[in-house]
Amino acid sequence: MSEKSFYRAFEDRHRGSRELIKSRLDVYRSFIKPLIHSVERSYGIDLGCGRGEWLEILEEMGISGLGVDLDPGMLSSCSERGLKAIQGDAIAYLATLEDESQIVVSAFHMVEHISFDQLQNLVQEAHRVLKPGGLLIMETPNPENIMVATCSFYLDPTHTRPIPPDLLLFLTEFCNFSRSKILRLQEDVQTIQSTSLNLNHVLGGASPDYAVIAQKAAAEDIQSKCDYAFSLNYGVDTITIATNYSDQQNQKLFRLEEAESTLKAIYSSFSWRITRPLRWFGNLCRKFRRRSNLSSLKFLLRKRYFRTLGGVILVRRLESSAREFLHFSACHLSRKPDTDKTNSLSSEAQKIYAKLKAKA
Amino acid sequence: MRILIDLQGSQTGSRYRGIGRYSLDITKAILRNAAVGHEVFILLNGGIPSEITALREELDDLISQDHILVWEGVGPVAYVNLGNRWRQRANELIREAYICQQKPDVVILTTFFEGYGEEFTASIGRFDNSIPVVCIFYDLIPLLFPKEYLSHAWYSKWYWGRVDEVKKANYFLSISNASKNDAIQYFGIEKSRIVNISSAVSESYPILKELHNTRNLLSHLGINKPYLMYTSATDPRKNHLRLIEAYAKLDATVRKGYQLVLAGGLPKHHLKKFQKYANQHGLSADELIFTGQITDDEMKILYSQCRAFIFPSWYEGFGLPVLEAMQFNKAVIASNQSSIPEIIQLQDALFDPFSVTEMSEKIEKVLTDKDFRSALEENSIKAKKSFSWDYSAKVALAAITDWVSTCQSNFDIHNQSTPSESVVDCLIEKIRQLKLPHSDLDLIIASEAISLNHRSVQKRQLLVDISVLVERDAKTGIQRVVRNILREWLLNPPDGFIVKPVYASMNHSYRYANQFTNRFLNKALSPDQEDTAIEFSAGDCFVGLDLLYPFLAKEHAHFYQKMRNHGVIVQFIVYDLLPILLPQHSVEGASEGHSEWLKIVSQSDGLACISRAVANELKAWLQKEGIKTPKHFLVNWFHLGADPEIDQSGPLAPHKANLEEFKILASKPSFLSVGTLEPRKGHEQVLDSFEQLWEQGIDINLVFVGKQGWKVESLINRLKNHPEKSRRLFWFDGISDLHLNEIYQTCSCLIAASEGEGFGLPLIEAAHHGIPILARSIPVFHEVAGPNAFYFEGKHPQHLASAVQEWLQLSSKNKLVSSKDLPWLTWAQSAKRLEQALCLDGSRSKVL
């Protein structure tokens, strides 16, 4: 079995549809749009362009994009749509470009296929070829997501190793990009909003992909155009989910304990005792009515009782292991705000907060 | 001159090391020597809360608590985490803005190269440049030995960043002449901007008069001969390898009579390396002793017993072990490099640390030549006198005063200070200009911190915690106290305070209970009176009036500490210790819960109990549990009020007058017991004793008034199925106050048989109604009723039965002691008494 056909077959199975991939790239539009010059032609280069979804988007935005990919099969999809793409080694091609010629250099799910030395090279060259204010975008699987880091990352045998977001971010800082940002992407919106998180959310709910967007230094008026896009928050990481999950479990336990004590109070209350003969009589009637089903009913009730009890035990055990797991994150997140927004601050602090948040 | 000392050096991990101890010692010395003409303030970082209480206590004798300033910031800010950048920069601005507001004439930074992996914030000139900054300069070890200390790229980047920042300081205090010269040479600091204030032995290093366990320790460590001692960390610059080599080079006959002791802990791989090296040079295991980690006291023992001390390090900021050895008048030989000669001050005692031969010769000389050794010992006695903290502090203060006065004019011209009204606005503007990624949560916490740091001077707040009452009025005894004290304080606030009820829940931290208070005082609700988070500053008082559930108190334990860190006086009311002292009468788990709650609230400034009896029980319990309380912790007591309460609970229960009952009650002596039926109230014993009396033919009535409580099923059974029921035994459950009044009028005596009470309100009620009291002899009843009651002892029904008979006899002779003289307080008086118990008038023994 040739390597090429294996990879083709693998891709066919696991790669998403064209529409799906294009929709995921929309998030980057708001970063690039402000940089497009009205008169001059803007150029962009996509390293590892695949079937050209990103090139299509660049074209829609009025940027002249060029793609580079090693796989000729992919390139045919590009040329069919009139998108410019050449075959070759992406990093080598990058080195041949002129200084300050591009406004965007992109690498989607590409950097996890190369060695760290090559990655450093890529970022350095990208910095060279970008115009002032230009953007470097690198998207790659997010190892903060536990399922990704332990399993799904390795589904693709050509992946080298997972890259932690802080490492990629630091690399751009180190190569003198003036500002960079981590965008966590492709998470299920349920994970952020859900009020009944479970362990699946904790293990696999964090954003499965992330991107680092780095901007080359430029004059204030050019750089500030991207301020809004850089100021937003994207995605969710495992620590946040785990904390929310733990909080919800605590709440449940608390309600459980409250219910327990209420129940105790009821059982020891005067009115419960007084109605005992009534309950006995009612049970008796029910017994006569359902004589045949009594044994099966009892069996069912007992089973449910145990299931509930088991559930409580399981929750408690998970609670303690989750507590251990979260020990370091408890130190990391020294505080969290109250659940309702404005009242969590004093009146003076609210005024200061408003000033800090105000748009320039 | 107003001096502000930033004492973060004693808060970070450095507090266990030389820098931390130096910071604290020099600060104390400055406080001692700055009395005339200088006002000294201490600045602490609220984001490192764990040591603040300890530092406040440690400095308590030298400075008044309101001169210790604490600023709050955002966290985490450790450099090592890239995501902390915005917070790091914001914190620097927040700290400098806070300092700016205090308007000191000079700021002294006790440490600077911190914060790589932990919380620490210090910057110079990022907010404005109006205040001169003095920095203590320790050493340049990473800069001079980069291969060893700066090999980690990230750490190196951080270190150089700090170097650039520290060069912005205006003046420097170095810990030795050598480090002063290093600063001039490598930092390019002008001679006029740095002074050597030297160092001294740590104040926490007193000399032990008697050294116990000397022989035990030495034999435990395998030291059986006179020994040459060295103690230090095991960095290469400490020169252990050459020392081993030099010692091995000694004459064999000499070596036989001595041992080389390397004292102190060291990493395993260093230990292995040294041992291997020693082997290679022919030193056996019993000639070279590694003590491993030992305590300070054990170190002192080793110092006192050594034959001589050696210090071959080739670079030091100061070299404290040399001075420590000199405290014990020992002969010291040492390296002639960097700052060490300054301490020894005797050329003969020094050697070249890079020459093994020289070192070896010196070792041999000091061990074998008695005259040489005594000369060195004499030198130690003499030289150590030139080092003291007071001397260092005086030099520092003189130098700073001089420099500030000569440069004052220059400073004012070049640097405009920010007008005080706009410090906050300037700070907000600067934070907004930070172009680094941050979250909304960061902005929220920053707003919190800024509002706390720049709170305008206002009237002192009395923050009254009414958390449980706000949620729901359960009409328990405790809630009655809370309602009444709150009402009294709202209507008559203590002098100099404004009363602010507050509450917290599991979902949120403390807020002002504005809405509840308005309803409580029957005021109209104004729409903008939301319950916002509380603000506080030093001088406010927090009183935990309501009794919080243990888990709620635990949730907010750190908040109580935070308030105390900022100089708020935090105190709690203790109603009783019943779940702990009578666990058999309480619900399961109540004992542990109450213990936990007490442990939390005893880490406060004081507790006020509702009776002297409870105060005594509390003190005994604290001692028994061995709980360490803060330095000026007080346990006080007060008494509750007993005015008949204006019942606000709604319509009275319908009153069914039963004339028959009243005829029976009035016909013979009727004994009354009022209170919820629960085990600790002793109803079982009362019923048993009355059964005995009835058997004996004594014709008296017994009346119980009270709701059914917990754990009393068998008692209730007995009451319901009793043969005397409705004849001579009555139980009224859930009756109106009017009905109860009538019962009081008809009865002859109140029985108070509780095994334990917090206060004993029923006794006072009896006194109101003028009926005599028959009470169990427990301390709190004696406290409340004094001689105005008849007491009985014993848990057996027989005891109470005979007491009742005695009482009947006295009654027939009209020799009963009446209760009408029983003293009691109104709630207004009780509230005033509570103010005294809480020392709100500032009459605490600690300085406020």
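E287(B) and R255(B) bring their side chains together in a salt bridge, at 2.9 Å from N to O. The two sit in distant parts of the chain, 32 residues apart: E287(B) is in the loop between α11 (268-280) and β10 (288-290), while R255(B) belongs to helix α10 (residues 252-256). Keep in mind that this is a predicted model.

Are these two partners buried or exposed? With a relative accessible area of 11%, E287(B) is buried. R255(B) comes out at 13%, so it counts as buried too, the cut-off being under 20%.

## Other salt bridges

How many salt bridges does the structure hold over all chains? There are 48. Side chains of opposite charge can pair when their charged atoms come close.

Over in chain A, R184(A) forms a salt bridge with E144(A), and their closest N and O atoms are 2.8 Å apart. R184(A) lies in strand β6 (residues 179-185) and E144(A) in the loop between β5 (130-141) and α8 (146-150), so this pair ties together parts that are 40 residues apart in sequence. E144(A) has 23% relative accessibility, which makes it partly exposed. Chain A also has a network of salt bridges linking R18(A), K22(A), D26(A), R29(A), E56(A), E60(A) and R81(A).

Back in chain B, E165(B) pairs with K168(B) in a salt bridge, with 3.4 Å between the closest N and O atoms. Here E165(B) is buried at 5% relative accessibility, whereas K168(B), at 39%, is partly exposed.

## Helix α7 and its cover

Now for helix α7 of chain B, which spans residues 177-187. Its buried residues are A178(B), S179(B), K180(B), D182(B), A183(B) and F187(B).

What covers those buried residues? The cover includes the strands β5 (133-137), β6 (171-174) and β7 (194-196), along with the helices α4 (141-144), α6 (153-166) and α14 (340-344), in chain B.

## Around E757(B)

Further along chain B, E757(B) is found in the loop between β24 (749-752) and α32 (761-769). Though it sits in a loop, E757(B) counts as buried, at 16% relative accessibility.

Its side chain makes a polar contact of 2.7 Å with that of S754(B) and another of 3.3 Å with that of R680(B). Which residues does E757(B) touch, leaving aside neighbours within four places in sequence? They are L578(B), V614(B), R680(B), K681(B), I778(B), V780(B) and F781(B).

Conventions. Residues numbered from 1 in each chain as written. Chains lettered and ligands numbered in written order. Predicted model: local features only at pLDDT ≥ 70, side-chain atom pairs only at ≥ 80, totals over all residues. Heavy atoms only, no water. Buried < 20%, exposed > 50% of the residue type's maximum accessible area, 1.4 Å probe, protein only. Helix = DSSP H or I, 4+ residues; strand = E, 2+ residues; numbered from the N terminus. Contact = heavy atoms within 4.5 Å. Salt bridge = Lys/Arg side-chain N within 4 Å of Asp/Glu carboxyl O. Polar contact = N/O pair within 3.5 Å; in protein donor to acceptor, adjacent residues only side chain to side chain.
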